[in-house]
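Biologist: I would like to learn how to read helix packing and annotated sites in a model. Could you take me through them?

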Amino acid sequence: MTVTPISDDSTLSLVSPTIPAKLPQQDAPVKLGILASGSGSNFEAIAQAIADGHLNAKIQVLIYNNPGIKAAARAERWNVPAFLLNHRDFKRRQDLDAQIVQTLREYDVEWVILAGWMRIITPGFIDAFPNRIINIHPSLLPSFKGIGAVEQALAAGVKITGCTVHLVVPEVDSGPILIQAAVPVLPDDTPETLHARIQVQEHKIMVEAIRYATALPNALAARQHQVEVSSEPHR
């Protein structure tokens with residue numbers, strides 16, 4: 001029996017669906033508001049895609065909740081306004097989200113991108129931008145929802161994991177899926193090595209999901225309605 005060795009090539013992946021290179025053109029760049037809690041690598045990927053002409057959008061504002069994070073420095077380098085809204089300064093989650101929504105509206109944001117935003121957002125926030133909030137999660141949803149998705153995958157012993165970009169609904173990590181990338185789990189993977197390979201794909205599919213979602217908002221709204229209807233209890 002011939003055994004095929006497992007490649008350690010970090011570029012191995014499967015992305016689905018394939019987003020067409022040409023999509024319906026918008027009259028003006030889509031106005032994005034990005035929320036981040038950490039390094040801001042997805043913010044960087046989005047900003048670079050815009051600069052390269054691959055994404056017809058403009059980042060209006062970055063909102064971050066942890067003082068001193070790298071995402072704020074990245075925003076400064078890209079000349080994007082950045083606002084610290086520290087969740088620790090708010091007694092209720094609803095109060096934080098109300099301030100976030102107010103800030104996004106002040107900057108005329110059309111679409112909200114949760115790019116490593118490590119806070120559960122409230123229904124009031126979602127209602128302020130219906131079908132226009134996009135999240136990225138480091139697993140192949142619906143598997144491994146919530147925090148520690150990479151660690152969950154390793155603990156479960158799966159051989160393939162990945163990342164998912166989806167529309168946001170009140171239930172955590174449960175909205176309509178826009179695009180996914182599958183990433184192999186290697187025998188000697190640690191949470192750090194696996195997460196690093198997943199992030200490579202995150203940066204690719206986040207940009208593609210934004211291109212797709214902002215070009216076809218009516219179709220996405222219809223998909224969201226189907227999800228809501230199918231989740232209603234049968235009478």
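This is a predicted model: local features need pLDDT of at least 70, side-chain atom pairs count only at pLDDT 80 or more; totals for chains, interfaces and linings use all residues.

Biologist: What describes two packed helices?

Modeller: The angle between their axes and the distance between the axes. Axes are lines fitted to C-alpha atoms, for helices over the stretch in contact, with angles from 0 to 180 degrees between N-to-C directions. Helices (H or I, at least four residues) and strands (E, at least two) are DSSP runs, numbered from the N terminus. Here, the axes of α1 (residues 41-51) and α6 (residues 191-215) come within 9 Å and cross at roughly 50°.

Biologist: Which orientation class do α1 and α6 fall into?

Modeller: Under 35 degrees is roughly parallel, over 145 roughly antiparallel, 65 to 115 roughly perpendicular, and the rest oblique. α1 and α6 are therefore oblique to each other. Their crossing is right-handed (the near helix is turned clockwise from the far one by less than a right angle; anticlockwise is left-handed).

Biologist: Which residues make the contact?

Modeller: Contact means heavy atoms within 4.5 Å. α1 supplies S41, N42, A45, I46 and A49, and α6 supplies Q199, E202, H203, M206, V207 and I210. By class, six are nonpolar, four polar and one charged. Ala, Val, Leu, Ile, Met, Phe, Trp, Tyr, Cys and Pro count as nonpolar, Asp, Glu, Lys and Arg as charged, and the others, Gly among them, as polar.

Biologist: How do α1 and α2 cross?

Modeller: The axes of α1 and α2 (residues 70-77) come within 9 Å, at roughly 20°. These helices are therefore roughly parallel to each other. S41, F43 and E44 of α1 meet R74, A75 and R77 of α2. That contact has two nonpolar, one polar and three charged residues.

Biologist: Where does UniProt place "binding site"?

Modeller: UniProt positions follow the numbering used here, feature names are shortened, and annotations may be inferred rather than shown by experiment. An unreviewed UniProt entry gives "binding site" at G40, S41 and N42. G40 lies in the loop between β2 (30-36) and α1. The UniProt entry, unreviewed, also lists R93, M118, R119, I120, I121 and N135 under "binding site". M118 sits in the loop between β5 (111-114) and α4 (123-128).

Key. Residues are numbered from 1 along each chain as its sequence is written. Side-chain values use heavy atoms; hydrogens and water are left out.
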